[in-house]
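User: Can you walk me through a few helices in this one? Keep it simple, please.
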Amino acid sequence: MVIRFADGKATSIDYREVAPAKASRDMFLDEQGNAVADRSRVGPLAAGVPGSVAGLLHAHKQYGRLPLAKVIAPAIALARDGFLVSVEMARSFQAASGKLSKFPATVAAFFGSDGIPPAEGERLVQPDLAKTLTLIARSGADVFYRGPIAELIAREMQASGGLIARGDLERYAPKERPAVTGTFRDYQIVSMPPPSSGGVALIELLNILEGFPLASYGQNASRTIHLMVEAERRVYADRSEWLGDPEFFPVPVPGLLSKAYASSLRSGISETRATPSSSIQAGQPREYEHSETTHYSVVDADGNAVSTTTTLNGAYGNGQVVAGAGFLLNNEMDDFSAKPGSPNMFGLLGGEANAVAPGKRMLSSMTPTIVAKDGRTVLVLGSPGGGRIITTVLQVLLNVVEFGMDVQEAVDAPRFHHQWYPDSVMIEEQGFSADVVTALAALGHRVEVVSDMGDVHAIQIDPATGLRLGASDPRSDGMTLGY
Ligand code: DON
């Protein structure tokens, strides 16, 4: 969660999951030393110690204005009285039913007595979740980390061979950290620090791209896409080498964010030829260090802004509902690097910086971001999408500040993505002309057509009038609301 207050001060709250004390570096490898994908993605070993309850309650305690019970009441009502399943949700339950059916408590929580995923228009009621939320509303985070819910999580883990124990839950603490900041032309960027790679990668990308007149080349013109892709493959190589939990690995943040480092990377980019990823290595950002040193966007009446990205990682997390407590566990352990060179579920590579270790937070790509100009918030945005989050945020941000679109146009526009490896430019199926695809191929890019990327919820504020424009991504469920 990234917060920019109306007076210009900013902060971030890291409530990332952590690896349990019993986690170990090679826990996702088989006897031959190969990564076993399912182990870090489905079931008990995939779950990190949950952080959301602690993080959201911390935000409420430090900065909230309404009583906790009032804030949680709508969620309790939705769980207790149910809600109608949307087309999108029915589709996603169907798609995940193989994974979810492995866990009896999950089937009981979502699929009802017939064991069939709910269809569009059916009412989904979650009484156990309502109980859990009511306990939290009454007694705070302790019920989850030390009290009855902690007991249910520990029991669930013991029964299924998982690692999370009472001690892990007791030790969990959210961390408030200074947000990372940068500039792009005359905009100030405020975003998420490590253990997310999101803010660092976004600012590094913007620093490289600042050196090109993208607006004059045009949004999604082949020349613009080429330059953005060239920046992306370099920044994702750095992500793979240099980013991880800063309490376990010395992440060279000032170097990665330095304009001089970005210039050095920019000088390796050809305007007329794609660089194969095999010839790109992570850079040497340390030389540039100085010795000093589901997304939602909200803006209140006073201009305080909150940008939050939150996740269980893959759809329905590890698939496992905690019996009696009514919620799913995450599969964030897959965000660690199981082994150098072995891709995670988003195809991202990592190494030492992001190896599994007890108590360590796994690297994220989440990029909750706030953009300000002349000291005032002008844009609040973020997205899901795994490794594609960073480039989704980059594109929507540039669409507004560089290409002059309004926020809904910026969110709607077709997206592309490059992450170093695989060495291909992924483009959304809809919206790119054959001409652009041909021109990219002629520059030496391998182009791969993929389905939708990201699900952005953003707010643009007109600095002159204070008028707020909300944008909700047409690629998925979600909406814009004003009170
Ligand atoms: O922290 C991360 O980068 C991932 N766990 C985010 C997962 C995600 O966005 C899944 N949604 N598409």
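User: What should helix α11 span, going by its 21 residues?
Analyst: This is a predicted model. Helix α11 covers residues 222-242. At 1.5 Å a residue, its 21 residues should span 30 Å. The end C-alpha atoms are 30 Å apart, so the two agree.
User: How many residues of α11 are buried?
Analyst: In α11, 18 of the 21 residues are buried. That leaves the helix mostly covered.
User: New topic. At what angle do α9 and α14 pack?
Analyst: About 45°, with the axes of α9 and α14 9 Å apart. Here α9 is residues 198-209 and α14 is residues 389-401. Angles under 35 degrees count as roughly parallel, and roughly perpendicular starts at 65. So α9 is oblique to α14.
User: Is that crossing left-handed or right-handed?
Analyst: The crossing of α9 and α14 is right-handed.
User: Which residues meet there?
Analyst: From α9, Gly198, Ala201, Leu202, Leu205, Leu206 and Leu209. From α14, Ile390, Val393, Leu394, Leu397 and Leu398. Ten residues of this contact are nonpolar, one is polar and none is charged.
User: Let's pick leucine 205. Buried or exposed?
Analyst: Leucine 205 sits in helix α9. Its relative accessible area is 0%. Buried means under 20%, so leucine 205 is buried.
User: What does leucine 205 touch, leaving out residues up to four places away in sequence?
Analyst: Leucine 205 touches Ala231, Glu232, Val235, Ile390 and Leu394.
User: And what separates the C-alpha atoms of leucine 205 and glutamine 284?
Analyst: A distance of 16 Å. Along the chain, leucine 205 and glutamine 284 are 79 residues apart.

How values were computed:
Residues are numbered from 1 along each chain as its sequence is written. This is a predicted model: local features need pLDDT of at least 70, side-chain atom pairs count only at pLDDT 80 or more; totals for chains, interfaces and linings use all residues. Side-chain values use heavy atoms; hydrogens and water are left out. Helices (H or I, at least four residues) and strands (E, at least two) are DSSP runs, numbered from the N terminus. The expected span of a helix is 1.5 Å times one less than its number of residues. Buried means under 20% relative accessible area, exposed over 50%, partly exposed in between (1.4 Å probe, protein chains only). Axes are lines fitted to C-alpha atoms, for helices over the stretch in contact, and angles run from 0 to 180 degrees between N-to-C directions. Angles under 35 degrees count as roughly parallel, over 145 as roughly antiparallel, 65 to 115 as roughly perpendicular and the rest as oblique. A crossing is left-handed if the near helix is turned anticlockwise from the far one by less than a right angle, and right-handed if clockwise. Contact means heavy atoms within 4.5 Å. Ala, Val, Leu, Ile, Met, Phe, Trp, Tyr, Cys and Pro count as nonpolar, Asp, Glu, Lys and Arg as charged, and the others, Gly among them, as polar.
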